[in-house]
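Q: I am new to this structure and would like a close look at a single part. Could you walk me through how the chains sit against one another?

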Number of protein chains: 4
Amino acid sequence: MSHNTFGHLFRVTTWGESHGPALGCVIDGCPPGLSLDAPFIQQFLDKRRPGTSRFVTQRQEADEVKILSGVFEDDRTDGPVTTGTPISLMIENTDQRSKDYREIRDRYRPGHADYAYDQKYGVRDYRGGGRSSARETAARVAAGAVARRVLGEDILLRGAVVQIGPHMIDPKNWDWAETQNNPFWCPDAKMAAQWETYLDSVRKSGSSTGAIVEVHASGVPAGWGAPVYGKLDAELAGAMMSINAAKGVEIGAGFAAASMSGEENADEMRAGNDAPRFLANNNGGVAGGISTGQDIVVRIAIKPTSSILNEVKSITRDGEEVDVRTIGRHDPCVGIRAVPVAEAMLACVLADAKLRHRGQTGH
Amino acid sequence: MSHNTFGHLFRVTTWGESHGPALGCVIDGCPPGLSLDAPFIQQFLDKRRPGTSRFVTQRQEADEVKILSGVFEDDRTDGPVTTGTPISLMIENTDQRSKDYREIRDRYRPGHADYAYDQKYGVRDYRGGGRSSARETAARVAAGAVARRVLGEDILLRGAVVQIGPHMIDPKNWDWAETQNNPFWCPDAKMAAQWETYLDSVRKSGSSTGAIVEVHASGVPAGWGAPVYGKLDAELAGAMMSINAAKGVEIGAGFAAASMSGEENADEMRAGNDAPRFLANNNGGVAGGISTGQDIVVRIAIKPTSSILNEVKSITRDGEEVDVRTIGRHDPCVGIRAVPVAEAMLACVLADAKLRHRGQTGH
Amino acid sequence: MSHNTFGHLFRVTTWGESHGPALGCVIDGCPPGLSLDAPFIQQFLDKRRPGTSRFVTQRQEADEVKILSGVFEDDRTDGPVTTGTPISLMIENTDQRSKDYREIRDRYRPGHADYAYDQKYGVRDYRGGGRSSARETAARVAAGAVARRVLGEDILLRGAVVQIGPHMIDPKNWDWAETQNNPFWCPDAKMAAQWETYLDSVRKSGSSTGAIVEVHASGVPAGWGAPVYGKLDAELAGAMMSINAAKGVEIGAGFAAASMSGEENADEMRAGNDAPRFLANNNGGVAGGISTGQDIVVRIAIKPTSSILNEVKSITRDGEEVDVRTIGRHDPCVGIRAVPVAEAMLACVLADAKLRHRGQTGH
Amino acid sequence: MSHNTFGHLFRVTTWGESHGPALGCVIDGCPPGLSLDAPFIQQFLDKRRPGTSRFVTQRQEADEVKILSGVFEDDRTDGPVTTGTPISLMIENTDQRSKDYREIRDRYRPGHADYAYDQKYGVRDYRGGGRSSARETAARVAAGAVARRVLGEDILLRGAVVQIGPHMIDPKNWDWAETQNNPFWCPDAKMAAQWETYLDSVRKSGSSTGAIVEVHASGVPAGWGAPVYGKLDAELAGAMMSINAAKGVEIGAGFAAASMSGEENADEMRAGNDAPRFLANNNGGVAGGISTGQDIVVRIAIKPTSSILNEVKSITRDGEEVDVRTIGRHDPCVGIRAVPVAEAMLACVLADAKLRHRGQTGH
């Protein structure tokens, strides 16, 4: 994992600042012959696009993706396919408000990367967060769409928000279809209604709140991943923690496993048809770093947006104490828009694992 | 992160099976001129060595480390120093009981890597878990000792167990000195006593239990780490999740941040002497993927040992249903011995971040 | 070295086909605070631009570079500087003649990548060579300009053509200034005149010819590079052999060293002022894989362009035997335009070596 | 290519100094299920072992390899197989003469890495060259043996010396069988006799001489390798130039291509049975960075050993001028023992290319 590159055989390099001319990514190592055009990628970008409900930022970005290289249509009638060469994707920035960022320039916003970037680089593009802006995740979502082509139709990736602020869904109510019926990707219809009220109050109070996102992959065959540092869960943890505002990652039972006994935590096995049947999925589909054929289950803790209207104590670049409030168009709960991003990272990790597994073992 | 290699500039490659002749690691990229001899490394290995109390495995391994390359003493009187070339460390396996492993060979132990390895490789060294054995972590601890030399005396790394089974310490009782007074690295003297009773009952019942480990790094300067996939917290998450039995990682407030408001979660800043003063450390010392100068704080969930005396349902390699119990010398709570391992991974991540930061910025 | 990525700390990823909408590169790991704007990069692109004399391809490409990310001007008056985040550079393709490429599509041009790409990928963008086109080197030249900023003013990079076809320069006539006075980067004025006649005849006969390029770096301090696989000469060899049409690389005396005795080949040393004085430079500035402070000297053999008007025997995709001639705008001696490309690769290798050296040793 | 690691999916990390306790390598990413035992590896080590004739160093090293991990025999009767986990190989150093190295310690031997290492690291194990010793290549040869298992029986790797000093073989006399009949791997019986006389005179005069080594791979399918920086010839060039004393690399016609016309250099194609028939092999089996199915042909220039009995001018660490002669057991022509090393590097590059190709394309 290099600074702005993710993956080993399926490698994604992202670039771009919030208020530069564009952002994008280069995908190296994508297999040839996969069907790929801009509309396919666009549908995933549309899922994370700002401005889709009052619960996400009101910034208006079309987030229109262009494919600059790596596909070729020739005279086939079924659309362009990948050629095995680097796929360059670009999204132009269109809604860059010309507001005065001078205030942010000289004042560190607590919880943001402002101070840390200045300490590291001595210079930063402070407009809209620059490189640390959540806009960077658009490039990840675009890459994730390509990764889905690598995985094929047999692997199903899905995501949901399972907690907003202190309000957690009831797992007994889980219905994947429900995630399409509300603006929160909430699988629990009852909780979705409660979140609507809660988030309205958060938004009106000028504050923000955290969330927990859960993503699943079904249909992953046993054998992907590797021992030690290449463990599939280690790759997933690194990938998910690299999402903006992520501060925790769990696989399967995760932190709850700490309270379990060995018997409770064991995923007992029974004979199945093509593959064993597991009586539980506490290991979240990964044992010893290698997939077991069970569903891959990952949960990610997303902290509340640091950009809030309410004042917090801070300092200026010159070390003077100030109170900072961040006026602008922000997500009251950035966890919502993290769902398609987490799905994309899951897709990228699995696509990479598939290619590495095939490379080493031929399967 | 390659399969068995960790890090970018400070690179650790580990090798070895539980019941092979030896295990070890090669460290490439260590700066030259650092004082390093076997006794320095040995003290860290002794912290994770089996057989030190009745709460850890009774396997008797000296875990004596040999330095095979990368240091040179010449005629200096202050001992050998690193030369900048690869440091090869080896630990011979001495207590490989000649018991019959045939039972494990043909039966998959639930929660173990047995089934997944077989699905991936079609062949595995099943003796004592082979490559997936916790013995592999001895090599990590040895590498971590070298990483500490890279970090120098100004950076203090410490670890503790904060929960065993359902029994969590009281943070108000936290006393680092206390971790040296009990066999659990417990910073809460009162809880240590309770754990003793609890673990004795777990052990006698033939079961096992999970734990939560917490590691801290103090003295890390602001500016280490990088944006996006090279985020310091992403590197930490990948590193920690690669530890055997780890199923969750949190940085700072972690999952608790999901329930917080933006104001609560913000680490407010005040003017300090050399550096800002932070009024909280919810971000665990990392903002935007870059260190802030606050303490780095990481928590890791360790699942209960899957090797238990009690029977669990499973299948054989041929798909027949069986009941499996694992007789042998096992840790009732593998989380205890995970403390020096987590410290070592923290050391390795930070050493790598230091060198990369210096490479890119010259600081 | 990944497929389309070059370097370790100073990492360049290139993308783009000859007849796609654009080509470009992403540079990750560039230090912050370096002055960088488009005109600075453009001057190097102008050196390799087609259409500058009758001895290079007559394709008309402005090759205008755009900086899409990684620099920030703020309100400084001395222009934009790098921010330490990825630098995305893009060059749009403008002169894509709509000629019928069907002939190339179905017939393999001997010496070209046509057959090999088809065997690997099963699909390829055959228009103008697609990814294997020499247009890809524009992205390298752009990256090389950034690398020069990393190296600073004290390191001087220069290149020349020293042989075209069987006509080799006389080293006694070497004058760097002369390389600016003829369209061949020829350091020997007398030979330049001869090449003019020779290349005119090659061009008129519908053929092409090979060349040898030599690049020098002066001012490189002793200590860059590393032992074994990270040898500076190994990195240089890999970099230079990755240039289109390159089939040989020499460092210093190179193949001539095979005929030398140990005494002849030794670069004897005498005491100097700040550094030793070497009485020869047969090792081309690198000993044991590490720079010595001498000039880095690399020679690259460039094969004759495979695109020629004269017919050569080949086969179609269906295996039928055909005669192929390549009509179009081609370089009679692609070695000429390889000079700025080889300089760029030299710059990239050295920039990477500088950052890695600084990372490991702090110098 | 990291400092002491080679390869991407088939990764070799070497370690060890000439006069330390041992040297070795760790191979990560080797596919599972391949037959591998120590005697198989040993036969290749025996080919490069010192002391086999009067034309190579008289150092007496058994170079006995031990497999420390990554293979498992279980109860199969056909010997151990690889498990897919890291293979650790170790060779103990046995003939470390306790001679006084103080002279080398304080005096830089021209042509050696002495000065460069000191400038880089400030410290070095000077005994016998330390890490820069040709002993390091034993680890490469061991790794190459494993790579051959990855390649299988259908790929034939062979090497020869084609020039010693100014004496070049006659390609018309080439007979592979002949390479087994003389101590030079010379494929030209007539030239072998001449070299014997020549090398005796070189040896007696206290000098040394250079050589050119040529290695071939037959049976490599079309499609291995990749465009741009991952070109198969770029990987080969980097690999070969990383061999001690290598100063030049050619693929196919190499530098001779510079003098050719496009028609001469084109490898014309005719219809074949399973694959096209090429009428020449000027591109050395690689076009556009991808294998064509032709033989891979690589030549490497090896400079004369810098360790000679005759005096050369040099300086001490303190900058005083001295004359240096190197007494000891040295190869008069280190190119001879480079043959098995170059074969090993060829094997490693191809094994890696095979796995990467399989990973990306599934073939």
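A: **How the copies fit together**

Chain C is superposed on chain D by a rotation of 180° with 0.0 Å of shift along its axis, and the RMSD is 0.0 Å. The two copies are thus related as by a two-fold rotation axis. Please keep in mind that this is a predicted model. The same surface serves both copies, since 100% of the contact residues of chain C recur in chain D.

Now let us turn to the place where chain C touches chain A. Here 42 residues from chain C meet 42 residues from chain A. In general, the size of an interface is often given as the accessible area lost when the parts come together. For chain C and chain A, the area buried between them is about 3,200 Å², with 59% of it on carbon and sulfur atoms.

Charged and polar pairs also cross this interface. Four salt bridges are found between chain C and chain A. One to look up is the salt bridge between the side chains of Asp75(A) and Arg105(C), at 2.9 Å from N to O. Ten residue pairs are in polar contact across the interface of chain C and chain A, both residues being at pLDDT 80 or more.

Which elements of chain C give two or more residues to the side that touches chain A? They are the strands E2 (11-16), E3 (22-28), E6 (81-82) and E7 (87-92), together with the helices H2 (102-106) and H3 (114-121), of chain C. E2(C) gives the largest share of that side, five residues. Sorted by kind, the residues of the side of chain C that touches chain A are 15 nonpolar, 15 polar and twelve charged.

To see how strands are arranged within a chain, move over to chain B. In general, strands of a sheet pair through backbone hydrogen bonds, either parallel or antiparallel. In chain B, five strands make an open sheet in the order E1-E2-E3-E7-E4, with antiparallel pairing. Its edge strands are E1 (5-6) and E4 (65-69) of chain B, each of which pairs on one side only. One pair to pick out is Ser69(B) with Ser88(B), its bridge partner in E7(B).

Conventions: Residues are numbered from 1 along each chain as its sequence is written. Chains are lettered from A and ligands numbered from 1 in the order in which they are written. This is a predicted model: local features need pLDDT of at least 70, side-chain atom pairs count only at pLDDT 80 or more; totals for chains, interfaces and linings use all residues. Side-chain values use heavy atoms; hydrogens and water are left out. Contact means heavy atoms within 4.5 Å. Buried area is the accessible area (1.4 Å probe) that two parts lose on being put together, summed over both. A polar contact is a pair of N or O atoms within 3.5 Å; within protein, one must be able to donate a hydrogen and the other to accept it, and residues adjacent in sequence count only if both atoms are side-chain atoms. Helices (H or I, at least four residues) and strands (E, at least two) are DSSP runs, numbered from the N terminus. Ala, Val, Leu, Ile, Met, Phe, Trp, Tyr, Cys and Pro count as nonpolar, Asp, Glu, Lys and Arg as charged, and the others, Gly among them, as polar. Copies are superposed by least squares on the C-alpha atoms of residues with pLDDT of at least 70 in both. Two strands pair if DSSP finds at least two bridges between them.
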